Structure formats: structure tokens, C-alpha cells
There are 2 protein chains.
Amino acid sequence: MPHLFHHAFCPHSRFIRLVMGELGMEAELVEERQWEHRPDFLVLNPAGTTPVLVEGSSFAVPGSAVIAEYLDETRGLVLSERRLLPEGPADRVEVRRVVHWFNVKFFDEVSHHLVQEKVYKRFMSAEQARGYGGAGPEMKAIRAARKNIRYHLHYIGFLARKRNWLAGEQLSYADLAAAAHLSVCDYLGDVPWEEDLQAKEWYARVKSRPSFRTLLADRLPGMAPTELYADLDF
Amino acid sequence: MPHLFHHAFCPHSRFIRLVMGELGMEAELVEERQWEHRPDFLVLNPAGTTPVLVEGSSFAVPGSAVIAEYLDETRGLVLSERRLLPEGPADRVEVRRVVHWFNVKFFDEVSHHLVQEKVYKRFMSAEQARGYGGAGPEMKAIRAARKNIRYHLHYIGFLARKRNWLAGEQLSYADLAAAAHLSVCDYLGDVPWEEDLQAKEWYARVKSRPSFRTLLADRLPGMAPTELYADLDF
């Protein structure tokens, strides 16, 4: 069985867990704390980031963008017309554009800061935290993320008003990437859902998919999720 | 003819210009100053970044990662065994991993700072520069980039010692992405080539390809390149 080196609150890892769920693909989840810079993990991914998918005994596929393309090419065809990276060139451009938006832009502006400051730092030693601006959450980064998330939420609402799903008429990688990043922010109570009801309705649809269940069961020791995190009718 | 909205010193745009050169593909280059946030450009790419490839009258392909996949799928096959994103699943993983390293990690840690502070800010109004930390280059960002580039250079040397090209035995997107980002830093005199001779030898090989000529001819008004920028025997 493949192994996925991941962290339960790493948004990129969550994206790949959703993809695997939609593909009906099983993998053994192995928690990786990327801030520990474990030498054996750096062999799998010299960039040192989660997730990494390992097939067989040693074939490593590092990084959510690379894993998503790899899974589409090696397993995506089984979904036939429900393929998560659709066939047409223009559809593929739009799905990849929106995936990139969330995996790079949203991550840089929102989810990276919230996860690092509010989650990962809880597990770091003082020595480890030194490489991340010091122990204890940086409130400036958290405030910036909370401000930035608003226009992303409106952008989701804008896309969801134009189309059935974020990148077109079918569920795609775009929805899974966006929902993965938002789900972490939602656990932490940092999504102002009431500001865009169309975005909220879209998220409720993604969240009710069976592939999402494993994410909704994740719990952070000593930090409960917001009340509606796992509520499918929120 | 397709249009490429680009900036001569945007490393992502340079990557795509190299790809088009290798593909023998012609496109009209249109300079875009992304810091002007031109409304018509935001329609082509809501993220507001260069490059954007426009096919026909209105089909926009935004962002170097998306363009590279699109060009491979629509034009890459003409290269046959010289295809820049090779056929085998493991080869594709390695090429995409290294491309992502340079387009995301190297950009975040090095080229983004050097280009923004040393190039783009020369063209910004005081009002425009306010959104980028103020007019005048931020020396702290430049110093960090100059420090970070060293381990990236050693990583290139490490890869070039193991293989013929950065991601395998054949030239691939990985070499073009890495060389595109380095070429901007090289113009600015910020690559300590003497620290890794294997990296330097690899760069000289990429630089001597015909696809590179257009990059070597680029000039920044009022800022000449380093002496060896366009020297193929440096």
C-alpha cells in the first residue's frame, strides 16, 4: 500500500487526502513534522515539505502539485467523465489556474501563516521555533491572514456564482484544493462565512462528500475545532 | 500569432520564453508591468502576475506552471524523444519536482526579492511602490536573497554532478526553469558562480542554446548587465 507522509493540518496534505478519497485510493498515513527536518524525510523530499507520497518501497512523489499530476496520470482515468483534471485543454488550464491560486497564492497569503503560527508552533521546541520567527504565534502574521482571507472568500463566491463548481460544471482538483486550504482555516475559526453565502454554500457541498469525512474527524490535541467544523448543515 | 504578456526581467516569463524557443514557437511579446494592476490584464489573469499566453483573440493561459503544462500537452509532442516533460511517470515526477523548486522555492527565497527590489521598483511611482514596502530597494530583502542563493547554487551543482541535466539525462523543463531564474540574478551580478564550478558549467551549457539568445539580448535601461552576462564562454 502507498504511504502518504503528511500532517493532519497541512493544507497541501489535506488536498491530496481529498484527491485519494475521490479516487477511492487507499494509503497509509504517516505523520511528518516538517519543522523537525528529519534526515530520512529530506531524502524523500529535499524541499522538506509535506505531503510526500511513497509508492512501493522507495519511489517518492513530493509536493501536492506534483502528486496531483502524478495521480491524474496514473489513476485519474478510472474516474472517466468524473476525472478531476478534465480532458479538454481549456478546462485543464482553468482547473490548474484555480489549483495554483489556492496552493500558492492562498497558501502564501492565508493558510501558511495560520497553520504555522497557530498549529505547528504548538509542537515546536523553542530551538525549532527559532527558525520560524520564534516561539509563540506572531499576531501580525495571523492578523494579515485574517484580513487576506476575505477577498479570497469573495473570489470563491464569485466563481461559484458563475459556475456549478469552482473551475467549471464538474467537481475538479480546483474544488478539492480550495476546500482543503479553507478546512484548516475553518477548524481554527478564521473563516468569516457570513461574508459570502455563495462561498459558504459551495463549501457545504464539498464538505458533504464522503472523501471529506477523514478531514472532519481530525482533532488537534488541546484545541477543539469551531462548533460547526464537522457539521454538514452549517 | 499567440501573444505573451511578459516582463523582460520576470523569471517566470523568461522560463516560458525559453520553452517557446525550444519548441520553435513564435509569439508576440507584449511588455506587462504587473505592479500597474491594469484592469484589462487582470481579466486575463485575476492573480495579476506575468506571464500570460494568449492564443487567438481571447484564450488566456495564465502563469508559468499552467503555461508549461499547456504547451507540453498541445505542442510538446513535436519534440518527440526531446520532449521537455518526458514520458515516463518517474521522469515526469522528477522534472516537475525540480521545476517547482525553482518556480516556487527559489522564487520565494531569491529571485522574487532581487527582481522586485532591484528592477521593478525602478519603474514604480511612489504611489505604486507603497504596495511593495515603499520606494527604493529594501536592502534586507536583497541581503537575504544573496545569502539564500548560495545553497541553491550548491543544489544545482549537486544535481549536475549526479546527472547530465538537472532532472535526468535529457534537457527538460527543469533546466529551463532553473536557468531562467538564475539568468535574472546573473544580469544583476548576484550569482557567486565561483562557489560551485559544476553549477557554472551546467549554466554555460544551457546559456549556449539558441533558445537563450533572446534573453541575453535583454537590457535594462540605465543598468548594464555584469560583464559576463552574455558571454557564452564565461
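Is Arg38(A) buried, exposed or partly exposed? With a relative accessibility of 31%, Arg38(A) counts as partly exposed. Please keep in mind that this is a predicted model.

## Arg38 and Glu32 in both chains

Arg38(A) has a salt-bridge partner in Glu32(A), and their closest N and O atoms are 2.5 Å apart.

Turn now to chain B. There, the side chains of Arg38(B) and Glu32(B) meet in a salt bridge, at 2.5 Å from N to O. Arg38(B) is partly exposed, its relative accessible area being 31%, while Glu32(B) is buried with 2%.

## A pair within helix H4

Another salt bridge in chain A joins the side chains of Lys121(A) and Glu117(A), with 2.8 Å from N to O. These residues are 4 apart in helix H4 (residues 89-123) of chain A, so about one helical turn separates them. Lys121(A) counts as buried at 8% relative accessibility, and Glu117(A) counts as buried at 5%.

As background, side chains of opposite charge can pair when their charged atoms come close. Over all chains, the count comes to 46 salt bridges.

## Two domains in chain A

The contact involves 20 residues from domain 1 of chain A and 23 residues from domain 2 of chain A.

Together, domain 1 and domain 2 of chain A bury about 2000 Å² between them, with 65% of it on carbon and sulfur atoms. Which three residues supply more than any others of the area that domain 1 of chain A buries against domain 2 of chain A? They are Phe9(A), Phe15(A) and Trp35(A), which supply 35% of that area.

## Charges and helices between the domains

There are 3 salt bridges between domain 1 and domain 2 of chain A. Asp72(A) also forms a salt bridge, with Arg92(A) as its partner and 4.0 Å between the closest N and O atoms. For polar contacts across the interface of the two domains of chain A, the rule finds 5 residue pairs.

On the side of domain 1 of chain A that touches domain 2 of chain A, helix H1 (11-23) and helix H3 (64-75) of chain A are the elements that give two or more residues. H1(A) provides the largest share of that side, 7 residues. By class, the residues on that side of domain 1 of chain A are 9 nonpolar, 5 polar and 6 charged.

## Where chain B meets chain A

Chain B and chain A each bring 23 residues to their contact. They bury about 1800 Å² between them, 74% of it on carbon and sulfur atoms. Val66(B), Val93(B) and Arg96(B) supply 26% of the area that chain B buries against chain A, more than any other three residues.

How many salt bridges are counted between chain B and chain A? The count is 6. In a salt bridge of 2.9 Å from N to O, the side chain of Arg96(A) meets that of Glu73(B). Across the interface of chain B and chain A, 4 residue pairs are in polar contact.

Strand S4 (59-62), helix H3 (64-75) and helix H4 (89-123) of chain B each give at least two residues to the side of chain B that touches chain A. H4(B) contributes the largest share of that side, 10 residues. The side of chain B that touches chain A has 14 nonpolar, 2 polar and 7 charged residues.

Technical notes:
Residues are numbered from 1 along each chain as its sequence is written. Chains are lettered from A and ligands numbered from 1 in the order in which they are written. This is a predicted model: local features need pLDDT of at least 70, side-chain atom pairs count only at pLDDT 80 or more; totals for chains, interfaces and linings use all residues. Side-chain values use heavy atoms; hydrogens and water are left out. Contact means heavy atoms within 4.5 Å. Buried area is the accessible area (1.4 Å probe) that two parts lose on being put together, summed over both. A polar contact is a pair of N or O atoms within 3.5 Å; within protein, one must be able to donate a hydrogen and the other to accept it, and residues adjacent in sequence count only if both atoms are side-chain atoms. Ala, Val, Leu, Ile, Met, Phe, Trp, Tyr, Cys and Pro count as nonpolar, Asp, Glu, Lys and Arg as charged, and the others, Gly among them, as polar. Buried means under 20% relative accessible area, exposed over 50%, partly exposed in between (1.4 Å probe, protein chains only).
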